[in-house]
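Student: I would like to learn how to read the features of a model like this one. Please take me through them in turn.

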Amino acid sequence: MSEIQLEIDGTPVTATPGMTLLEAARAAGLSIPTLCHHEGLEPYGGCRLCIVEVEQRGRTRLVVSCVFPAAADLVVRTRSPKIDRMRKTILELLLAHAPHSPRLGELAAEYGADPNRFEQEAAFCVHCGLCVRYCAEVKQLHAVGFIDRGITKEISFLPEIALRECNRCKECFPLCPTSYLQAAFVLVEGLMSTNGRA
Amino acid sequence: MSNPECACHESKGEPLDAARIDQIITAHRGDPSALIQVMLEIQAENRWLPREVLARMAEALQVPLARVQHIATFYKAFSPVPKGRHDVHICMGTACHVRGAPRILDTVEELTGIAPGETDMELKFSLETVNCLGCCALGPVVEIDGKAHGHLSPAQSAELLQGYE
Ligand code: SF4
Ligand code: FES
Ligand code: FES
């Protein structure tokens, strides 16, 4: 069993087993917006921006394309009024936390999302997990992690590891869709250099 | 030796039992899947998980400290700060609410001087509110150290607390 045939936005697409819908679409040159996805990392499915409609045996449902495995005979739609509406709302919710994120701004323009729809509650981190996952999966340093959960969840640098490793790496900085990661690191650095040594 | 400068415990004259903690951790050395079990055991005996202890678990069980820290802050069963000797859970569920739970909470707050989520200075009580303990017919319910006390009036709840050391 090697190749899988499916249809995305009316185009016949060939995928190999183990591919997600997102990978299959991108391999065929079709674009699906993503925020928390990163090619070098395990599928995560955190932001839900990449939802698509899947039709199988006459039934349509919404799935998260970056974690949904490509399967034979699926009919996939990457845009529809319903999908666009949902993406718009997701973006509006994210923008309430990170109003100045350039990446979110671009997507907001495309989907007509209103950054002021929800009351602003700037926490800056949108919990995409890119920094945490990159540090764990690619660098295997675990210098930054999440703490807490729900609305109080936040990233937290482990000072012992961060002070030793981060300065010469900083590979996660450009991954962050907001500027929070960098700000959090500068803060940790500042705190540690004032009360650690000196 | 594991708990060098923890003032809260010093003032209590009740240091962490480092040997006991080591014993629990060592029993599972090298087994990442035992993490939550180890955390539960230490939490039960020690009533909180100091950061040094998290770091020792991380090292011994070979789990990144970042993950241990996330788990320790994720579940309510674990506390990163010292907890009191007695866990007081006041039910604020609908049934208890209409039967006077808010007045019980007021009484308890006044008596202990702490709000939900807090622990008093003597480390006697830790107070939490919960949303339905599943025995609404007993409402209003206060659960102390896992034992449910039902049909309480504010005065009775005060009496009840006074019975704890
Ligand atoms: S700090 Fe940035 S990269 Fe890290 S989880 Fe938050 S938004 Fe994502
Ligand atoms: S990109 Fe798929 S859920 Fe974030
Ligand atoms: S509401 Fe208190 S036990 Fe159900």
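Student: Which side chain meets A:Arg77 in a salt bridge?

Tutor: Side chains of opposite charge can pair when their charged atoms come close. The rule used here asks for a side-chain nitrogen of Lys or Arg within 4 Å of a carboxyl oxygen of Asp or Glu. The partner of A:Arg77 is A:Glu53, at 3.1 Å from N to O. This pair links distant parts of the chain, as A:Arg77 is in strand S5 (residues 75–77) and A:Glu53 in strand S3 (residues 51–56) of chain A, 24 residues apart. Helices (H or I, at least four residues) and strands (E, at least two) are DSSP runs, numbered from the N terminus. Over all chains the structure holds 15 salt bridges.

Student: What should I know about the model and its numbering?

Tutor: This is a predicted model, in which local features need pLDDT of at least 70 and side-chain atom pairs count only at pLDDT 80 or more, while totals for chains, interfaces and linings use all residues. Residues are numbered from 1 along each chain as its sequence is written, chains are lettered from A and ligands numbered from 1 in the order in which they are written, and side-chain values use heavy atoms, with hydrogens and water left out.

Student: How many helices and strands does chain A have?

Tutor: Chain A has six helices and seven strands. Read from the N terminus, their order is β-β-α-β-β-β-α-α-α-β-β-α-α. The C-alpha trace of chain A spans about 70 × 45 × 25 Å along its principal axes. An automatic or database domain assignment divides chain A into domain 1 (4–79), domain 2 (80–122) and domain 3 (130–197). The C-alpha centres of domain 2 and domain 3 of chain A are 26 Å apart. For chain B the assignment gives domain 1 (6–74) and domain 2 (86–162), with C-alpha centres 29 Å apart.

Student: What area is buried between chain A and chain B?

Tutor: The size of an interface is often given as the accessible area lost when the parts come together. Here that loss is computed with a 1.4 Å probe and summed over both parts. About 920 Å² is buried between chain A and chain B, and carbon and sulfur atoms give 57% of it. A:His142, A:Arg149 and A:Leu158 supply 49% of the area that chain A buries against chain B, more than any other three residues. Counted by contact (heavy atoms within 4.5 Å), eleven residues of chain A meet nine residues of chain B.

Student: Which side chains form the salt bridge across this interface?

Tutor: The rule finds one salt bridge between the two chains, and its side chains are those of B:Arg51 and A:Glu160, at 2.7 Å from N to O. On the side of chain A that touches chain B, strand S6 (144–147) and helix H5 (159–165) each supply at least two residues. S6(A) gives the most, with four residues.

Student: Which residues surround ligand 1?

Tutor: A residue is taken as near a molecule if one of its heavy atoms lies within 4 Å of it. Around ligand 1 the list includes A:Cys125, A:Cys128, A:Cys131, A:Cys176 and A:His127.

Student: Where is the cis peptide bond?

Tutor: It joins B:Gly139 and B:Pro140, with omega about -10°. B:Pro140 is in the loop between strand S2 (125–130) and strand S3 (142–144) of chain B.

Key: Buried area = accessible area lost by both parts, 1.4 Å probe.
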